[in-house]
Amino acid sequence: MDVPARPRVVMRGITKTFPGVKALDGVDFTLAPGEIHALLGENGAGKSTLVKVLTGVLAADAGTVELDGVPIRVASPAAAQDLGINTVYQEVNLVPTLSVAENLMLERQSSRFGLISWRKTRERAEAALARLKIHVDVGRSLGSCSLAIQQLVAIARALDRDTRVLVLDEPTASLDAHEVEGLFTVLRDIRARGIAIVFITHFIDQVYAIADRITVLRNGRFAGTGTIAEVPRMRLVTLMLGKQIESHYAERPTTESIDQTGAPVIAATGLGRARWLEPIDLSVRAGEVVGLAGLLGSGRTETAKLLFGAERADKGSLVIDGVPVTLRSPGQAIRMGFGFCPEDRKHEGLILDLSVRENLILALQCRRGWWNRVGQAEQNRIAAEMIAALGIATPDAEKPVGQLSGGNQQKVILARWLAAKPRLLILDEPTRGIDIGAHAEIVGLIRRLCREGLALIVASSELEEIVAFSHRVAVLRDRRKVSEIVGADITQSTIVEAIANS
Amino acid sequence: MIPVPPPSEPATKTRRPLPAVVWPLVALAAILVVDGFISPSFFSIRLVEGRLYGSLIDIVYRGTPIALLALGMAIVIGAKGIDLSVGSVVAIAGAVMAHFIHLGFDPAVVVAATLAVGLLCGLWNGFLVAVLSIQPIIATLILMVAGRGIALMINGGRIPTFRSDFFSALSTGRIWVIPSRLFLVALVFLVLWAVLRRTAFGLFVEAVGGNASAARLAGIGTRMVTLATYGISGVCAALAGIIITGDTRSSDAVTAGMWSELDAILAVVLGGASLNGGRIFLATTLVGVLIIQSLTTSILMSGLPPEFNLVVKAVVILAVLLVQAPKVRTAVGSLVAAFRPRRTER
Amino acid sequence: MRERRLPILATIAVFVLLYALGGLHFNHFLSTGVFGNLLTDNAFVIIAGLGMTFVILSGGIDLSVGSMIGFVGIAMATMVAHGWHPLAAIAVLLVMGIVLGALMGWIIDAFEIQPFIVTLTAMFLLRGLCFVISLDSVPIKHPFVEAFSDFHLALPGDGWLSGPALVMLAALAFAVVVAHFTRFGANVYAVGGDAASALLLGVPVRRTIVGVYALNGAFGVLAGATYAFYTSSGYPLAASGVELDAIAAVVIGGTLLTGGVGLVIGTVFGGLIQGLIQTLIIFDGSLDSWWIRIVIGGLLFVFIVLQKLIMRSVTALGASAAPG
């Protein structure tokens with residue numbers, strides 16, 4: 001591997017521990033001037049922690065950082081900016097109600113006689129944008145500009161100071177292909193000026209379109225690095241997902257449970273939503289598990305939410321039990337017998353102040369409606385049953401659910417839907433953030449539910465699990481379905497191949 | 001991204017926290033005990049001409065209108081809303097009531113019309129919040145501003161007086177020895193309790209107030225729930241209007257229910273509910289009302305000029321708010337934890 | 001035209017429309033005399049509104065300004081009765097107003113308590129203090145006050161600019177400079193637009209919030225002093241409900257209640273629109289006074305909905321950012 005003669009940034013042995021989690025474990029990272037360096041990894045790989053150490057948001061527990069050969073300690077984001085390390089976040093951290101010029105020059109306005117000279121300030125803003133060959137009316141409010149322009153304004157603001165390192169945290173996550181190309185033109189220009197760029201993304205195609213070198217992290221450890229030529233796609237995906245040589249789950253699921261006779265429980269044709277998900281075809285039968293595989297940001301969550309009516313589709317059609325249906329709200333989906341466990345438990349799943357019991361019966365209560373309350377005795381019975389059935393570790397059913405551990409919270413959401421007795425259950429990352437023992441329990445539960453005739457759609461980044469429970473796997477990349485793998489063809493390597501191939 | 005690591009989950013408490021009802025009751029008891037010292041006759045209740053007299057009765061009696069408002073407000077706040085318009089709705093309800101009495105309608109019709117207008121006011125607020133998704137403070141501000149004008153219009157710019165045996169009996173009369181308006185509060189309390197706890201409504205309100213997006217994904221029709229909370233608050237305000245107007249036998253659009261929205265909010269907060277929503281405490285809200293009312297009474301009795309009433313109230317609110325603020329709680333919590341021996345994890 | 005300037009255009013349109021309506025229907029309406037009175041009668045609301053503009057721009061709200069006006073009036077009257085010079089009294093009260101405002105701002109930001117409830121507390125406190133000072137109206141008798149109310153600056157025609165009007169115009173000039181030509185002002189807009197982003201962009205958020213409420217306190221005291229001079233007395237119940245008029249002036253003036261968008265000059269138009277409605281109804285004679293409240297409530301509604309629609313168009317693109 002070629003390490004440039006005089007690197008701009010050298011990070012060595014960076015270690016960072018959060019309570020209970022080792023986020024980074026002795027990670028090395030080298031960044032050369034005038035290169036675009038892609039930093040890749042799945043959720044929890046540690047890439048954002050590494051960047052936060054570099055930009056002064058977090059302090060590392062161990063390890064050293066050198067900038068242009070000088071050891072530095074970055075105490076705060078402001079200190080990082082003073083050193084010439086600037087960051088542009090995915091969710092553009094500018095003020096949408098201010099104008100482009102006001103955003104660019106906030107706290108840096110030109111002044112005359114102690115008062116701001118807006119004419120001069122505007123001129124400087126225009127000049128900063130012109131340097132990146134961006135032409136936009138700087139008096140417009142930022143929020144009315146496209147996200148691409150907002151992103152570029154954020155970059156222009158970062159570059160308006162003397163910048164040595166520019167960190168871009170998933171800058172392309174919400175941009176369309178044309179906008180991405182525009183951004184890349186700007187990035188190439190910045191690269192030519194000798195600025196070192198860290199490019200965090202999960203779009204494989206974009207890595208090969210723009211980056212010079214790649215570093216991959218996995219589970220808080222350094223997984224590999226090299227130039228684009230040295231790391232072809234297959235190797236990159238394998239580095240990111242890791243190669244699980246043997247599976248914990250020996251047997252593949254049988255197809256006996258699948259109800260082949262009737263109409264599918266749900267069948268989507270060309271279902272999509274602008275800036276959300278490219279049109280997708282997908283169907284699930286009773287007693288069948290369909291896995292949604294793909295890298296972070298590939299469209300797994302988006303697919304799940306569209307099928308549940310949490311986001312409204314603007315294209316395509318949905319047929320439920322052979323009847324065309326337009327899903328308008330989750331409530332409607334629930335009355336049709338759907339259930340959905342979201343990935344983000346705290347914000348979209350649980351009501352943290354309510355007790356375990358109340359969280360458990362919520363979906364069932366929604367199916368029954370306002371007036372037909374689930375009686376106290378029935379509530380207690382369901383809570384006791386579910387706590388026992390899923391092994392939820394809680395002293396009693398009245399404990400606020402916010403006080404449980406992550407794995408138990410996940411089980412509470414699962415139990416909520418099981419109590420509602422759904423026909424179709426959509427699970428988004430059901431094993432995220434829970435310990436290994438609970439993983440196996442959840443996989444076992446998915447298999448059991450399937451045998452009992454439920455239709456399941458399970459999105460997961462754990463290939464091992466997908467292989468263990470899926471009858472069919474839909475592989476997603478860049479918010480579109482790229483392949484569907486059926487039956488015996490489902491192996492970790494066929495999925496990796498489908499993800500990597502373009 | 002804010003340069004703070006995600007806070008670790010609160011340490012699992014081993015001891016069950018005291019029921020929420022305890023603290024408001026302690027506060028109330030403290031005030032009453034002080035009152036007992038100030039005025040030895042404070043706790044005495046006499047029966048004069050078939051009517052109960054005494055400071056305690058007085059507190060309960062005078063607290064009735066605020067209690068009605070606060071019960072509705074508790075539900076609105078439970079869904080993370082706020083209703084600033086209840087004072088104006090009191091005025092509107094009073095005006096409607098006086099108007100219908102003058103038209104010679106039967107009391108039942110008058111009550112029905114007044115409550116219907118209250119419901120309408122509440123639904124208007126709910127429409128702004130739930131459908132147009134305007135912030136609750138701002139949405140209810142509109143009716144707060146315009147409401148008294150509407151009431152004045154109905155009153156024709158005067159202060160119409162009326163005679164109505166039914167409404168006098170309801171507001172100032174008594175059933176056996178107990179003021180009849182107390183029965184009204186009890187009735188409203190029971191009905192609301194039943195609606196909240198005997199249907200799914202209470203759970204839905206608390207779910208929406210606790211985490212609206214999770215509630216939506218769990219299938220709750222969050223719009224309808226929000227709309228209903230404001231509707232209930234409107235009806236409660238109309239009932240308070242009936243009591244206040246029946247008491248004075250006149251509809252004064254300017255002073256009826258003046259500042260009562262603030263007392264109602266304060267009662268809910270004193271009752272232990274957070275303005276961030278998520279929980280409804282009907283019973284402790286009533287305790288909150290009693291705290292406010294007995295505070296007023298004690299200031300009168302203590303010899304302090306009644307002018308201090310508002311000042312004391314302000315200090316009490318501020319103290320309660322600070323105690324409630326999560327930031328203060330975390331600070332106190334970590335302070336306490338620092339002095340505690342560390343337990344081994346798990 | 002830029003979307004965020006739309007509300008102020010609507011404001012000016014409403015103002016012109018009302019003025020034209022008055023001019024068409026009533027003789028003498030388009031005189032400088034009527035205009036001068038409009039400025040004088042609404043000066044204290046507009047001054048309070050100027051402070052409120054900063055608060056609302058920063059994403060907050062202040063419910064205490066009515067009580068502040070009442071308190072300043074009664075305190076000043078009492079101090080003058082005890083031999084203070086009015087200006088000295090104002091100076092002392094100004095310091096008090098700024099300190100109280102800064103304290104409110106600090107509590108709001110440091111403890112993350114909603115502004116409306118903190119300022120509500122201050123509203124109770126100040127109104128209570130009014131009653132503690134005096135239960136009755138206290139006249140202000142001082143040569144300076146008499147000179148102030150006799151002072152007139154003639155306008156062409158039959159009108160003049162009175163003392164309160166001039167104070168208001170001076171306060172306006174000050175507010176415009178602070179809001180639009182200082183970093184503090186720019187930071188107020190940034191904090192109101194998105195406080196979390198503003199912090200990352202290097203804006204001292206705590207200092208800005210504290211500053212906003214301190215400034216608002218100063219404007220509140222100034223409004224109180226103007227009102228006391230205007231009525232030549234202090235009264236403990238004075239100006240109750242004026243906080244609503246001030247908020248209405250700001251909103252009808254085109255400032256977004258969610259913060260971050262608006263112009264100081266809009267508040268002046270917002271206050272004058274309320275005054276115009278009042279004047280029109282008085283000129284008409286057949287319409288009753290309650291229409292003032294109802295029309296203002298209606299205008300509030302229209303402007304809030306208008307703002308909602310505009311914000312939707314401004315943030316439509318930003319909101320579609322999807323999670324991974």
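How many residues from chain B and from chain A does the contact take? It takes 33 residues from chain B and 43 residues from chain A. Contact here means heavy atoms within 4.5 Å.

Some ground rules. This is a predicted model, where local features need pLDDT of at least 70, side-chain atom pairs count only at pLDDT 80 or more, and totals for chains, interfaces and linings use all residues. Residues are numbered from 1 along each chain as its sequence is written, chains are lettered from A and ligands numbered from 1 in the order written, and side-chain values use heavy atoms, without hydrogens or water.

Stay with chains B and A. They bury about 3000 Å² between them. That is accessible area (1.4 Å probe) lost on putting two parts together, summed over both. Carbon and sulfur atoms carry 62% of it. There is 1 salt bridge, meaning a Lys or Arg side-chain nitrogen within 4 Å of an Asp or Glu carboxyl oxygen. A:Glu358 pairs with B:Arg279 in a salt bridge, closest N and O atoms 3.1 Å apart.

Helices are DSSP runs (H or I, at least four residues), numbered from the N terminus. The largest share, 6 residues, comes from α9(B). By class, this side has 17 nonpolar, 8 polar and 8 charged residues. Nonpolar covers Ala, Val, Leu, Ile, Met, Phe, Trp, Tyr, Cys and Pro; charged covers Asp, Glu, Lys and Arg; the others, Gly among them, are polar.

Now chains B and C. Here 42 residues of chain B contact 37 residues of chain C. The buried area is about 3900 Å², with 84% from carbon and sulfur atoms. The rule finds 0 salt bridges. The polar contact count is 1 residue pair, both at pLDDT 80 or more. Elements giving two or more residues on the chain B side include α5 (107–131), α6 (136–155) and α12 (260–270). The most come from α6(B), with 11 residues. The classes on that side are 32 nonpolar, 6 polar and 4 charged.

How values were computed
A polar contact is a pair of N or O atoms within 3.5 Å; within protein, one must be able to donate a hydrogen and the other to accept it, and residues adjacent in sequence count only if both atoms are side-chain atoms.
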